[in-house]
Amino acid sequence: LGYLLSRIRGRRSRLIRDWRSLVYDATPLEFLASSQYQGFVRERSAEGMWKALLREYGWVFDQMEEEVRRVFAPYVLYTELRTVFICLRYHHGDRTQKAGEVLGESLLADSVKIFLQDGETSVAVEKLERQFCRLSPEFAGLAAKYEEKGLREVEQHLTNSYLIAIIRTPLHPVMKEFFSRIIDARNILSLYRSLRLSVA
C-alpha cells in the first residue's frame, strides 16, 4: 500500500487544483487537455473523458495488492455503473462498436463485457438483472423497468438498488463513510428537486 500511495502522490500534478478556472472557462475540455494536466483529456467528448478516467482506475487497480482490491471492489463496481449505462445507450442507438471501445478500458468482468457488447438491449438488461441479483434481490425487476419505462428508469433503478444493497454489506470503514456520503448527497439533490417543483 505504501508503494501505491507514493506512486499516486507522484501523479498528483495531474489533479485539478483550481476548479474555479475549470468551471468558468468557456472551453473546459481545452482546459483539461492543456499541458498543465499533461493532456489528460485527449478526446473532446464525454466518452473520451470517461475512457481517460477508466485508464486511471485501471492503472491504480493494477498496482493494488489483492487485499486492497477487495476493500475497493464496491467502489470500483459503483464507478463502472456509468460504463454499463454508456454501453446500454450505445446498444439502444445501434452503435455496439462504440460500446466495445469503452469496454476496452473497463474493469468489468469479461462475461459482463460480452453481453454488453453483443446482442439486443433487452437481452443485455435481462442478463444484467441476473448478474446483480446474485448480490441482492434489490435488483429484481430491472428487465421489467426497461420494458415499461426505458433505459432511464433502468439506470435509476440499478443505481438506487446498488447503493441500498452495498450499504447493507460489511464494508471497510472508509468505504462505509464514502457510500453514506454518496447516499446523503443523492437524498439532498432529490429533496432540492422536489422543493423546486413544488415552488414552480
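**View 1. Arginine 89 and glutamate 155 form a salt bridge between two helices.** In this predicted model, local features need pLDDT of at least 70 and side-chain atom pairs count only at pLDDT 80 or more, while totals for chains, interfaces and linings use all residues. Residues are numbered from 1 along each chain as its sequence is written, and side-chain values use heavy atoms, with hydrogens and water left out. The side chains of arginine 89 and glutamate 155 meet at 2.9 Å, N to O. A salt bridge is a side-chain nitrogen of Lys or Arg within 4 Å of a carboxyl oxygen of Asp or Glu. The pair links distant parts of the chain, 66 residues apart: arginine 89 belongs to helix H5 (residues 66–92) and glutamate 155 to helix H10 (residues 151–167). Helices (H or I, at least four residues) and strands (E, at least two) are DSSP runs, numbered from the N terminus. Arginine 89 is partly exposed, with a relative accessible area of 41%, whereas glutamate 155 is buried at 14%. Buried means under 20% relative accessible area, exposed over 50%, and partly exposed in between, for a 1.4 Å probe and protein chains only. The structure holds seven salt bridges.

**View 2. Glutamate 101 and lysine 98 pair within helix H6.** The N to O distance in this salt bridge is 3.8 Å. Glutamate 101 and lysine 98 are separated by about one helical turn, because they are three residues apart in helix H6 (residues 96–103). Glutamate 101 is partly exposed, with a relative accessible area of 34%. Lysine 98 is also partly exposed, with a relative accessible area of 35%.

**View 3. Glutamate 177 and arginine 181 pair within helix H11.** Their side chains meet in a salt bridge of 2.7 Å, N to O. The two residues are four apart in helix H11 (residues 173–199), so about one helical turn separates glutamate 177 from arginine 181. Glutamate 177 has 41% relative accessibility and counts as partly exposed. Arginine 181, at 57% relative accessibility, counts as exposed.

**View 4. Helix H7 packs against helix H8.** The axes of H7 (residues 110–117) and H8 (residues 121–133) come within 9 Å and cross at roughly 160 degrees. That angle makes H7 roughly antiparallel to H8. Axes are lines fitted to C-alpha atoms, for helices over the stretch in contact, and angles run from 0 to 180 degrees between N-to-C directions. Angles under 35 degrees count as roughly parallel, over 145 as roughly antiparallel, 65 to 115 as roughly perpendicular and the rest as oblique. The crossing of H7 and H8 is left-handed, meaning that the near helix is turned anticlockwise from the far one by less than a right angle. On H7 the contact is made by Ser111, Val112, Phe115 and Leu116, and on H8 by Ala124, Lys127, Leu128 and Gln131. Contact means heavy atoms within 4.5 Å.

**View 5. Helix H5 packs against helix H7.** The axes of H5 and H7 are 9 Å apart, at an angle of about 25 degrees. H5 is therefore roughly parallel to H7. Val84, Cys87, Leu88 and His91 of H5 make the contact with Phe115, Leu116 and Gln117 of H7. Cysteine 87 counts as buried, at 0% relative accessibility.

**View 6. Threonine 121 is a buried residue of helix H8.** Its relative accessible area is 8%. Not counting residues up to four places away in sequence, threonine 121 touches Leu88, His91, His92, Tyr146 and Leu151.

**View 7. Methionine 175 is a buried residue of helix H11.** The relative accessible area of methionine 175 is 4%. Val71, Phe72 and Tyr75 are touched by methionine 175, not counting residues up to four places away in sequence. The C-alpha atoms of methionine 175 and proline 74 are separated by 7.8 Å, although these residues are 101 apart along the chain.

**View 8. The chain as a whole has 11 helices and zero strands.** Buried residues make up 34% of its 200 residues. Among contacts between residues at least 6 apart in sequence, 50% join residues at least 24 apart. The count of disulfides (pairs of cysteine sulfur atoms within 2.5 Å) comes to zero. Cysteine 133 counts as partly exposed, at 31% relative accessibility.
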